[in-house]
Amino acid sequence: MSAFLKDGLARNYLAGAWVEGDGGARIAVEDPGNGQHVGDCALAGEETLAKALEAARASFERGDLTAMKPARRGQLMQRIAAEIRGIADEGAELLCRESGKSLSAAHDEFEEAAQYFEYYGGMADKIEGKSIPLGPDYADYTVYEPYGVSAQIVPWNFPVSIAARSLAPAMAAGNSVIIKSPELDPMALAMLGVALERAEVPAGAVSILNGIGAELGARMVESPAVDQIVFTGSVPTGQAILRAAANPVTPALMELGGKSAAVAFEDANLDTLMSSLQSGIFYNAGQVCSAMSRVLVHRSIYAEAVERAAALANGLSVGHGLENPGLTPVISARQLDGVETLTATARQSGARAASGGARLEREGYFMAPTILADVDPAARVAQEEIFGPVTCFTPFDTEAEAIAMANGTEFGLVAGVFTRDLARAHRVAHRLRAGQVFVNEWFAGGISTPFGGVGKSGFGREKGLEALYNYVRTKNIAISLKG
């Protein structure tokens, strides 16, 4: 496949060329489903980053993207989408093996990446300013300009689609982009460089570097050569990035995860709730920032909801992602240890494991699908992001109590309401502290719906038309016509 892989080594995509990085350093990539070696990835260091920054700046100053007519830039992005679909079969298998997710989910991820380029490619010629009336002696208008060099740090849970989620609007706006891939599963993301290469993206407009977050990522965000930072990941890492960005005063877009709650009222359709629970907490082994990690249920239907949730969890097939099971492994041994430890702490504090509660004794990194019942809303497990196939059930008696519980964490990414009462759905949705609220279907929405949080879930928005304006800044031009 192109020059992406050479002698079993996945390389860095640097300004249109494939390079091995600094000093021959590499990292081994492991299959979470069986612990086997998937391949090696070349590691970029300061020297490679410096070249990428120089190339990105030169591309931006040349106007490789901005000098194109916006409609042509949109056409380029449509070609990228087509090329992503061209590598999807091979890329999905690689992503499945290095991340642990199911093969069908990996295919969906490449398809979603292509759709991002189609969606924002269609927006490239629609970034319009406005005229502001100041009277007959003035002409005043606004224009939107790209930031310049956008540094984007991508997490390991959805590396291909999240990279596309930020890269596509950044390119549509005319920015040059440097992406840092996650070290746990960098190979499928590096393959996006193949699609960019085949689509003939101008050299320097995009680079994809494989590196360690504490090293390469840190150097990226503290560099004065970076004009914008885009980060998806944990709160502590996001806070460290913001501190580093304070010195050069680099604007940042942050998506930092959540501890999202679904509120199921007494009239909720339990079939609907269970369908949402299956995708909401067991998809990708619960390693989703917007996972349904808390379920608040009216006391009148609480016992039945817990019983049905446990039956759902116990009925899931478990296996390697290539088998497309109901539950796949978590990404690493370290991740499994963290999920199991927090779950054990919850049980010691009084929560009841209606299903699961511990790791599965088998090859790979598998946590049993876990339903924790009777969870104290102030407990650690109800306050901290687990990032595993574990959800917490808690009963409530009144609407006000449910809203207080749902809003009772430092996060505010998404939330859900399950009810047949339309008036209640509107009322509660407006009172929930979240950037997105799902009613009667977890993960409702799509590429066109804005996504992002409040509180420690971050700030700014990805997806939808609104996200495009996170990749431009407004300039006002005021002209006196008085001579």
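This is a predicted model: local features need pLDDT of at least 70, side-chain atom pairs count only at pLDDT 80 or more; totals for chains, interfaces and linings use all residues.
## Pockets

On a 1 Å grid over the protein atoms alone, a pocket is an open set of points where a 1.4 Å probe fits, with protein on both sides within 12 Å along at least five of seven lines; its lining residues have an atom within 4 Å of a point. Residues are numbered from 1 along each chain as its sequence is written, and side-chain values use heavy atoms, without hydrogens and water.

The largest pocket holds about 1200 Å³ of space. Its lining has 42 residues, and W156, G233, S234, T237 and Q335 lie nearest its centre. Two or more lining residues come from each of α8 (213-222), β11 (228-232), α9 (235-246) and α12 (333-348); such helices (H or I, at least four residues) and strands (E, at least two) are DSSP runs, numbered from the N terminus. The lining of the largest pocket divides into 23 nonpolar, twelve polar and seven charged residues. Here Ala, Val, Leu, Ile, Met, Phe, Trp, Tyr, Cys and Pro count as nonpolar, Asp, Glu, Lys and Arg as charged, and the others, Gly among them, as polar.

## The second largest pocket

About 610 Å³ of space lies in the second largest pocket. Of its 24 lining residues, E112, F158, S290, F443 and K463 are the closest to its centre. The largest share of this lining, five residues, is given by α4. By type, the lining of the second largest pocket has twelve nonpolar, seven polar and five charged residues.

## Aromatic pairs

The whole structure has ten aromatic pairs, meaning Phe, Tyr or Trp rings (for Trp, the six-membered ring) with centres within 6.5 Å; planes over 60 degrees apart count as edge-to-face. F438 and W442 form an edge-to-face pair, 5.3 Å centre to centre with 65° between the planes. W442 also pairs edge-to-face with F443, at 6.5 Å and 70°. W442 counts as buried because its relative accessibility is 3%, whereas F443, at 27%, is partly exposed. Buried means under 20% relative accessible area, exposed over 50%, and partly exposed in between (1.4 Å probe, protein chains only).

Elsewhere, ring pairs link F4, Y13 and W18 into a cluster.

## Charges over rings

The charged end of R362 sits over the ring of F366, 4.4 Å from its centre. R424 has its charged end over the ring of F265, 4.3 Å from the ring centre. This requires NZ of Lys or CZ of Arg within 6 Å of the ring centre and within 35 degrees of the ring normal.

Technical notes:
Rings of Phe, Tyr and Trp (its six-membered ring) pair if their centres lie within 6.5 Å; planes under 30 degrees apart count as stacked, over 60 as edge-to-face and the rest as tilted. Grid points are joined across faces, edges and corners, and a volume is the space filled by probe spheres set on the points.
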